[in-house]
Amino acid sequence: MAIHLNNFRSPSATFVQRVKWLLIVLGMMPLLRLIAGFPLGWLGANPIEFITRSTGTWTIVGIAVTLSITPLRKLLNWPWLIRLRRAAGLLAFFYASLHFTTYIWFDRFFDVDDIIKDIIKRPFITVGFAAFVLLIPLAATSKNSIIKKLGAKRWQRIHYLIYLIAILAVIHYWWLVKKDLTQPIIYAVVFAVLLGVRLIWKLRSVSSEKPPLVAKPPSD
Amino acid sequence: MLIRRSTDILPSEITTESQYNSRRDWLKAAGAMGLIAGLPALSARDAQAQAGKLAGVKPNAAYGLPDGEKLNKFDELKNYCNFYEFGTDKTDPPANAKSLKTRPWTVAVEGEVLKPKVFDIDELFKLAPLEERIYRFRCVEAWSMVVPWVGFPLSALINAVQPKGNAKFVEFVTLADKAQMPGLRAGVLDWPYTEGLRMDEAMHPLTLLTLGAFGEALPNQNGAPIRMTIPWKYGFKGGKSIVKIRFVEKEPRTAWVKAGPSEYGFYSNVNPTVDHARWTQATERRLGEFGKRKSLMFNGYTDQVASMYTGMDLKKFF
């Protein structure tokens with residue numbers, strides 16, 4: 001291999017910044033496809049359904065990317081990857097907001113009574129809504145100034161919620177498909193791996209009585 | 001013999017004013033975007049479509065365009081379908097159904113009948129006069145279309161085979177051929193896909209043995225060469241690519257009832273007051289519309305069909 005992994009252990013700040021922007025630009029591609037696809041007819045015969053599904057899918061993908069950063073960072077020994085985590089997480093929240101907006105707008109037409117009934121009555125909406133609500137405090141505490149105010153430990157404790165959110169998101173998907181569970185199973189396996197490695201590391205660090213790793217707030 | 005007379009023009013072939021205007025809008029937009037160069041290809045496709053028209057189809061005036069309704073586009077029917085034998089995404093059947101061979105094709109009609117018979121598909125095309133009927137089509141997933149189907153009442157076939165007195169139900173068995181249908185590899189449903197009707201439902205004049213749509217033979221992805229259309233029931237009740245029609249004494253266990261008895265019932269009449277176990281059936285999205293419509297009891301066919309279910313608890317027999 002021409003490029004060795006070691007070269008990426010401690011890249012320059014500019015490099016990291018560029019990778020971050022690349023992630024953001026890539027993360028906007030699904031939205032651009034929806035915006036351009038609507039008038040151009042790429043979204044098929046039922047564009048609203050397409051948008052609902054697409055924004056939902058990219059929310060789950062965004063959560064998976066966010067959750068894969070810590071394991072990748074450890075496996076590759078690329079500590080700087082942590083600097084991408086906030087952007088990935090906010091992208092997930094962005095698509096979750098679009099997903100939720102599509103639902104309240106084009107599925108329920110802002111009928112609040114209807115939405116409340118739906119949330120209470122339909123389990124897949126209950127868990128989807130719960131996942132979205134739980135994402136809000138995470139997005140709201142992503143600014144450096146707030147992280148500093150909260151302190152790393154408390155911030156970390158709030159952000160452990162992402163594990164629960166990931167599980168709720170998969171249940172939401174699982175319960176809404178008519179019969180073919182292939183897609184939800186794929187995401188369930190991905191999350192099982194991402195949460196599983198954390199559990200294994202946690203158990204190991206407890207058994208070797210080393211203090212657990214506390215994530216530092218990103219400095220940029 | 002294939003000379004078309006002026007009376008053969010089907011409602012589905014007539015360009016409505018709104019379609020005309022929307023085409024003009026599209027042309028304007030396309031022109032503005034420099035897409036107009038692609039037009040010769042489009043008109044070539046139109047000519048091809050004309051060649052695919054079924055001969056001798058007469059519109060049945062009793063089943064014209066319902067008031068306040070607009071036909072959906074043929075493309076919507078062709079590109080948005082549930083046909084799990086070709087995959088579970090709406091776009092899988094149009095992509096994968098090209099491999100379906102619809103000739104030669106036979107339909108075995110058997111069971112409790114005096115004259116069981118294996119029909120060749122071309123024989124079935126001549127069994128009764130082909131009519132065009134415009135029906136609302138409501139999927140259990142809460143979307144809907146308005147489609148001009150071509151076919152004839154199933155009762156014509158039933159009368160031809162003469163059911164015995166103990167024939168209480170009709171079961172439809174559809175093709176399950178792994179060589180032609182990639183979706184069969186996934187065990188999503190218990191193949192072959194089967195459906196069924198009570199005898200009176202099967203004999204009902206609305207129940208259409210369907211051979212075409214929009215004046216053409218059925219596209220593969222919509223259940224070629226022969227499917228059922230029962231407009232007051234959810235779409236899945238209409239089995240696609242049927243190979244066997246069986247007359248039986250007991251209510252047949254249908255594919256979706258086997259897959260989820262708490263979510264899908266044998267009757268599956270469109271009913272806005274009985275929700276699916278996981279989603280509402282009170283509203284639906286008509287393809288091509290942004291708003292949602294209120295779903296109609298029996299999909300708007302109450303006058304014709306409600307009497308078949310008097311005294312039945314439709315919440316229990318959903």
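This is a predicted model: local features need pLDDT of at least 70, side-chain atom pairs count only at pLDDT 80 or more; totals for chains, interfaces and linings use all residues.
Which residues does Lys240(B) touch, not counting residues up to four places away in sequence? The note below takes that up in point 2, after a word on the model.

1. Local features are discussed where pLDDT is at least 70. Side-chain atom pairs count only at pLDDT 80 or more.

2. **Lys240(B) and its neighbours.** Lys240(B) sits in the loop that runs between strand E10 (227–229) and strand E11 (242–248) of chain B. Leaving aside residues up to four places away in sequence, Lys240(B) touches Asn82(B), Phe83(B), Thr174(B), Leu175(B), Asn222(B), Gly223(B), Ile226(B) and Arg227(B).

3. **A buried lysine with no salt bridge.** Lys240(B) is buried, yet no salt bridge is found for it. The nearest side chain of opposite charge belongs to Glu85(B), 6.9 Å away. A salt bridge has to fall within 4 Å, so Glu85(B) does not qualify as a partner. What does the side chain of Lys240(B) reach at 2.6 Å? The backbone oxygen of Asn82(B). Asn82(B) is also one of the residues that Lys240(B) touches.

4. **Chain A overall.** Chain A holds nine helices and zero strands. Read from the N terminus, its elements run α-α-α-α-α-α-α-α-α. Of its 220 residues, 38% count as buried. Take the contacts in chain A with a separation of 6 or more: residues 24 or more positions apart account for 67% of them.

5. **His159(A).** This histidine belongs to helix H7 (residues 152–159) of chain A. Buried or exposed? His159(A) has a relative accessible area of 15%, so it counts as buried, the limit being under 20%. Not counting residues up to four places away in sequence, His159(A) touches Leu138(A) and Thr141(A). Thr141(A) is 18 residues from His159(A) along the chain, and their C-alpha atoms are separated by 8.9 Å.

6. **Chain B overall.** Chain B has nine helices and 13 strands. Of its 318 residues, 53% count as buried. For contacts in chain B between residues at least 6 apart in sequence, 71% join residues at least 24 apart.

7. **Two cis peptide bonds in chain B.** Most peptide bonds are trans. The bond from Trp191(B) to Pro192(B) is cis, with omega near -5°. Pro192(B) lies in the loop between strand E6 (169–174) and strand E7 (194–198). Ala224(B) and Pro225(B) are also joined by a cis peptide bond, and here omega is about -5°. Pro225(B) is in the loop between strand E9 (216–217) and E10.

8. **Positive phi at Ala142(B).** Most residues other than glycine have a negative phi. Ala142(B) is not a glycine, but its phi is positive, about 70°. Where is Ala142(B)? In the loop between strand E4 (131–138) and strand E5 (143–153) of chain B. Its relative accessibility is 11%, so Ala142(B) counts as buried.

9. **Positive phi at Gln162(B).** Gln162(B) is not a glycine either, and its positive phi is about 55°. Gln162(B) is placed in the loop between helix H6 (154–161) and E6 of chain B. With a relative accessible area of 33%, Gln162(B) is partly exposed.

10. **Extent of the interface.** How many residues of chain B are in contact with chain A? There are 27, and they meet 19 residues of chain A. The two chains bury about 1900 Å² between them, and 54% of that area is on carbon and sulfur atoms. Arg278(B), Arg285(B) and Phe290(B) supply 32% of the area that chain B buries against chain A. That is more than any other three residues.

11. Four salt bridges are found between chain B and chain A. Asp107(A) forms a salt bridge with Lys292(B), the closest N and O atoms lying 3.0 Å apart. On the chain B side, the elements that give two or more residues are helix H8 (255–259) and strand E12 (283–286). By class, that side has 13 nonpolar, seven polar and seven charged residues.

How values were computed. Residues are numbered from 1 along each chain as its sequence is written. Chains are lettered from A and ligands numbered from 1 in the order in which they are written. Side-chain values use heavy atoms; hydrogens and water are left out. Contact means heavy atoms within 4.5 Å. Buried area is the accessible area (1.4 Å probe) that two parts lose on being put together, summed over both. Helices (H or I, at least four residues) and strands (E, at least two) are DSSP runs, numbered from the N terminus. Ala, Val, Leu, Ile, Met, Phe, Trp, Tyr, Cys and Pro count as nonpolar, Asp, Glu, Lys and Arg as charged, and the others, Gly among them, as polar. Buried means under 20% relative accessible area, exposed over 50%, partly exposed in between (1.4 Å probe, protein chains only). Lys and Arg count as positive and Asp and Glu as negative; His and the chain ends are not counted. A polar contact is a pair of N or O atoms within 3.5 Å; within protein, one must be able to donate a hydrogen and the other to accept it, and residues adjacent in sequence count only if both atoms are side-chain atoms.
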